[in-house]
Every structure is written in structure tokens, then in C-alpha cells.
Amino acid sequence: MTGPRFHPVRPGDGPAPRPADWAAYTENARRLAALLRDERTRADQQAATTRAGQAAVDQLTHRLAVQRQHLQQLAGTLRLPDPHLAGVAPSAVTDPAEALRRATAAADAADAAAEQAHRRAAEPPLLPGLSPLARNMLVYATAATLGTIASLLMFAASPDADLGRVPWQLVPWSLCGLPALAFFAGYLTITLAGQPRIGGGGIRSTRAGGLICFVGMPILWFMFIAATRG
């Protein structure tokens, strides 16, 4: 008498999957693979954005350090108080990209203001639109004109002029004293107001000033004497 026989169960012995179950399985597997692929892409993009943002922050930090040093040197050159470079209040902007954009815009504005201050400091306060020679000659000519007017007023106020005589006691002042005062007045004006604060070449046109004051003023004085005596 023999007992019942048992056969091992093999994979192929089970019921075959139905076509509908197999299609659902493959569809779910496809969706899962797409989700994993999208997640890896998003993670790579986020990592690249983070690296780019960190590089931009490092670059901006270095730029601000250089800008701080430049502003301090510019303030010292212009003999101005040191710029206020303390920290600022926290911003309400939560987007890192927007915060970085605003910080870059602020740094650009600071650079533009520093460049404008540098350009203005490279020009003299007095008649900045003229060339150094034209500005200096105009200053000396103005001083010579004022000196000539003073000389003529002294001549007109002299008692000798009322008597029809030349006031010879005023000749040294008219030919030497007032021209010297006019020359030094022009030279001092150019030194104080006609030189740029930075990059000044020290051009004062002393020869042209000497000709205007020591030659031009006596010529005008003699012309005035000749006109009044003639």
C-alpha cells in the first residue's frame, strides 16, 4: 500500500497573472521610475543652484571687502570722515535669489557713487569745466583787473589829480606794489580753489600770471595816464 505522493511547488506551477494585473504593474513601475528620475533631476538642479548661490555670495563678500577698503582710502584722500559701514537691519526678503539681487544692486549703487565722488574730486572747485591754463589765466586776469581798478581809484582820489598833475607818489604802487599783490592774490586763489583734491598736477601758470600782472597792469596804467593827460 502506498501513501499519497507530494510534488514540490515550482514557480511555473502557480496561476498565470491576468493581463489586467500585469498592465497595472508595469504602469506603476513606469510611474515610479519617472518619479525617481524627476526627483534626481530636481535634487541635481537644487544642488547646482545652491553651489551657484554660494559662489555668488562669496564673490559679493569679496567685492564688499574691496569696496570697504576703497571707500576708506577715498575718504582719507578727500579729507572726509570715514564712511559708516556698520551692519544693517535684517531684511524681510526670504527669497535668497531676490536678497542676492538686491545686495548686488546696492553694491553697484555704492560703486557708482564712489566713482562720481572720485570724478568730482579730480576736478578743482573753481571753474571745473575749464582747462588748467585757461582757469589760471582767468584768475590772474581777474586779480589784475581788480588791481588796476584799485590803482585808478587811488589816482582819482589823489589831490594831485584835481590839480592836473600826475600823482608820482602812486607810481611805485601802480607799477610794482599792486601788480605784486594781484599776482599773489591770483596765485593763492589758484592754490586754494583751483587745484583738484586728488590727481592734481600742481599747474599754477606763474609765468602767464607774471606777464598778466607785471606787464598788463602797467600797460593799462600808462594807457589811462595817456588818455587823461592827452
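Is Glu 39 buried, exposed or partly exposed, and what is its relative accessible area? Glu 39 is partly exposed, with a relative accessible area of 42%, where buried means under 20%, exposed means over 50% and partly exposed lies in between, with a 1.4 Å probe and protein chains only.

1. Basis of the model. This is a predicted model, in which local features need a pLDDT of at least 70 and side-chain atom pairs count only at pLDDT 80 or more, while totals for chains, interfaces and linings use all residues. Residues are numbered from 1 along each chain as its sequence is written, and side-chain values use heavy atoms, with hydrogens and water left out.

2. Confidence. The average pLDDT (the predictor's confidence in each residue, from 0 to 100) is 80 for the protein, and 83% of the residues score at least 70. Confidence is lowest in helix H4 (residues 159–162), with a mean of 66, and highest in helix H5 (residues 171–193), at 91; helices here are DSSP runs of H or I with at least four residues, numbered from the N terminus.

3. Glu 39 forms one with Arg 42, the closest N and O atoms being 2.6 Å apart, and both residues lie in helix H1, 3 residues apart, or about one turn of the helix. Arg 42 is partly exposed, at 42%. Arg 30 and Glu 27 form another, with 2.5 Å between the closest N and O atoms, and because they are 3 residues apart in helix H1 (residues 19–77), about one helical turn separates them.

4. The side chains of Arg 101 and Glu 98 meet in a salt bridge of 2.6 Å, N to O. These two residues are also 3 residues apart, in helix H2, and so about one helical turn separates them. Arg 101 is partly exposed at 48% relative accessible area, and Glu 98 is partly exposed at 23%.

5. Nonpolar cores. A nonpolar core is a set of buried Ala, Val, Leu, Ile, Met, Phe, Trp, Tyr and Cys residues joined through side-chain atoms within 4.5 Å. The largest has 10 residues, among them Val 139, Tyr 140, Leu 178, Phe 183, Cys 213 and Met 217, and the elements that give two or more residues to this core are helix H3 (132–157), H5 and H6. A second, separate core of 6 residues includes Leu 78, Ala 114, Ala 121 and Ile 198. Leaving aside neighbours within four places in sequence, Phe 183 is in contact (heavy atoms within 4.5 Å) with residues including Tyr 140, Gly 210 and Phe 214.

6. Two loop residues with positive phi. Leu 127 has a positive phi of about 50° although it is not a glycine, and this residue is found in the loop between helix H2 (96–121) and H3. Leu 127 counts as partly exposed, at 33% relative accessibility. Ser 205, also not a glycine, has a positive phi near 50° and is found in the loop between H5 and H6; Ser 205 is buried, with a relative accessible area of 16%.

Technical notes
Salt bridge = Lys/Arg side-chain N within 4 Å of Asp/Glu carboxyl O.
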